[in-house]
Amino acid sequence: MDAELDFWSFVELANRRLATEYGFRHQLATEVLLTLNRASDLVTYDLEAAVHRPRGRSWSAFRLLFVVWLAGPLEPKSAARLTGMSRAAVSNLVKTLVADGLLDRVPDTRDGRSVQLSLTAAGHEEMVSVFREHNEREFGWTDALTETEQRILVMLLGKLITSRTRPDTRSRR
């Protein structure tokens with residue numbers, strides 16, 4: 001049976017079994033999040049494999065460089081918040097990206113205990129170049145939707161992200 005399952009037939013099977021065999025009531029919630037995670041995984045894998053890995057960069061490195069490129073200079077804690085990564089992950093990436101000559105890490109002039117991250121000239125040049133290809137690939141993914149559908153999807157995802165009703169929902173913000 002498993003050889004015949006694809007993603008959509010698995011979701012259908014999961015919904016049916018969760019309801020009939022286990023009595024779970026929220027199959028649509030499971031379907032929404034399975035689909036959301038699948039879409040995110042597919043897009044992330046494609047962008048990383050087609051655009052970033054051939055340049056020797058990971059998805060995480062791209063995310064950090066992207067945030068520093070457009071929002072920097074900024075403190076590592078702000079970079080962590082904006083990328084959705086932990087401070088430790090940002091710290092480890094910063095070491096590599098500084099060694100690669102793409103990031104500068106300089107003491108903060110306002111707070112000597114902190115540092116500011118900014119792109120080097122080489123980092124800026126790389127981001128302009130890589131984002132051109134990245135953005136075309138993004139367009140390839142989103143072109144299946146009309147502009148209105150894209151705006152609705154952004155609105156719905158924004159609502160999902162900001163309207164969590166459980167007070168114990170965890171996130172890196």
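The largest cavity of this predicted model is lined by H52, R55, R57, A61, F62, L65, E126, M127 and V130. Two elements, α3 (59-71) and α6 (121-142), each give two or more residues to this lining; helices here are DSSP runs of H or I with at least four residues, numbered from the N terminus. By class, the cavity lining splits into 5 nonpolar, 1 polar and 3 charged residues, where Ala, Val, Leu, Ile, Met, Phe, Trp, Tyr, Cys and Pro count as nonpolar, Asp, Glu, Lys and Arg as charged, and the others, Gly among them, as polar.

The volume of the largest cavity is about 40 Å³, and the structure holds 1 cavity of 30 Å³ or more. On a 1 Å grid over the protein atoms alone, a cavity is a set of points where a 1.4 Å probe fits but cannot get out, a pocket is an open set with protein on both sides within 12 Å along at least five of seven lines, and lining residues have an atom within 4 Å of a point. Volumes are the space filled by probe spheres set on the points, which are joined across faces, edges and corners.

Turning to the open space, the largest pocket has a volume of about 1700 Å³. Its lining comprises 38 residues, with L36, A39, S40, L153 and L157 nearest the centre. Elements giving two or more residues to the pocket lining are α1 (7-20), α2 (27-52), α3, α4 (76-83), α6 and α7 (147-162); the largest share, 12 residues, comes from α2. The pocket lining has 24 nonpolar, 8 polar and 6 charged residues.

Residues are numbered from 1 along each chain as its sequence is written. Local features need pLDDT of at least 70 and side-chain atom pairs count only at pLDDT 80 or more, while totals for chains, interfaces and linings use all residues, and side-chain values use heavy atoms, with hydrogens and water left out.
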